[in-house]
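Subject: The structure to look at

Hi,

Here is the structure I promised to pass on. Please open it first, then read my notes below with the model next to you.

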Amino acid sequence: MLTLNVSSIRLQKALLRVALTSAIAGAGVVMGVAPNVTQPLARWFDTTVYAQSVSSEEVTNYARAAIAVERLRQNTYSEIKRLVNPVPNIACNQRAAFSGLPGNARQIAESYCNQSTVIVERHGLTIQRFNEITSQRQSDNSLEQRIQQAIRNLQ
């Protein structure tokens, strides 16, 4: 006889949300998502203001891209871990850091960055816009909830 524990299901859902959020944030870090504070302050705020309005279509596109990039990131991490342990921090916007990786691991990391860009663009976003939304979702609870709902709807 199979019985379901409701609190266990709730815990699993909560853990899944935490894992997905962490994974997407991790993918953002790997892809080099960070505000560029070396730009003039006014330009940085302009970018932030632009990122304030995220359409429903962008939320859906972002969720689709984030899910696909996270799958790729997990596979890439596993591949690199077989070659290098511990796996160093890999940021796609800092490819010079790849030079410290052994040959095959470097190729895997470069391939990940290239494939991530293709995935994001295939889902109707530029890397810049994807990064803006990633940055905004960290401080905008409403946007975070919209993205989480889109992810749940897609899974």
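Going from the N terminus, the elements of the protein chain run α-α-α-α-α-α. That gives six helices and zero strands. Here helices (H or I, at least four residues) and strands (E, at least two) are DSSP runs, numbered from the N terminus.

Before the details, a word on the ground rules. This is a predicted model, in which local features need pLDDT of at least 70 and side-chain atom pairs count only at pLDDT 80 or more, while totals for chains, interfaces and linings use all residues. Residues are numbered from 1 along each chain as its sequence is written, and side-chain values use heavy atoms, with hydrogens and water left out.

pLDDT is the predictor's confidence in each residue, from 0 to 100. The protein chain averages 76, and 66% of the residues score at least 70. Where pLDDT is low, the predicted coordinates should not be read in detail.

**The chain as a whole**

Of the 155 residues, 36% count as buried. Buried means under 20% relative accessible area, exposed means over 50%, and partly exposed is in between (1.4 Å probe, protein chains only). Take the contacts between residues at least 6 apart in sequence: 72% of them join residues at least 24 apart.

**Helix α3 and its partners**

Now find α3 (residues 56-83) and α6 (residues 141-154). Their axes come within 9 Å and cross at roughly 60°. That makes α3 oblique to α6. Axes are lines fitted to C-alpha atoms, for helices over the stretch in contact, and angles run from 0 to 180 degrees between N-to-C directions. As for the angle names, under 35 degrees counts as roughly parallel, over 145 as roughly antiparallel, 65 to 115 as roughly perpendicular, and the rest as oblique.

The crossing of α3 and α6 is right-handed. In words, a crossing is left-handed if the near helix is turned anticlockwise from the far one by less than a right angle, and right-handed if clockwise. On the α3 side, the contact is made by Ser56, Val59, Thr60, Tyr62, Ala63, Arg64 and Ile67, and α6 brings Leu143, Arg146, Ile147, Ala150, Ile151 and Leu154. By class, the residues of this contact are nine nonpolar, two polar and two charged. (Ala, Val, Leu, Ile, Met, Phe, Trp, Tyr, Cys and Pro count as nonpolar, Asp, Glu, Lys and Arg as charged, and the others, Gly among them, as polar.)

α3 also packs with helix α5 (residues 127-137), at an angle of about 95° and with the axes 11 Å apart. That makes α3 roughly perpendicular to α5. Here Glu58, Tyr62, Ala65 and Ala66 of α3 meet Arg129, Phe130, Ile133, Thr134 and Arg137 of α5. The contact of α3 with α5 has five nonpolar, one polar and three charged residues.

How much of α5 is covered? Most of it: eight of its eleven residues are buried. One of them is threonine 134, with a relative accessible area of 2%. Its C-alpha atom is separated by 9.2 Å from that of glutamate 144, ten residues apart along the chain.

**A few single residues**

Leaving out residues up to four places away in sequence, threonine 76 touches Ile108 and Tyr112.

In the loop between α3 and α4 (103-122) you will find proline 86. A cis peptide bond joins asparagine 85 and proline 86, with omega about 5°. Alanine 91 lies in that loop too and is buried, at 8% relative accessibility. Alanine 91 and alanine 109 are 18 residues apart in sequence and 9.1 Å apart in space, C-alpha to C-alpha.

Terms used
Contact = heavy atoms within 4.5 Å.
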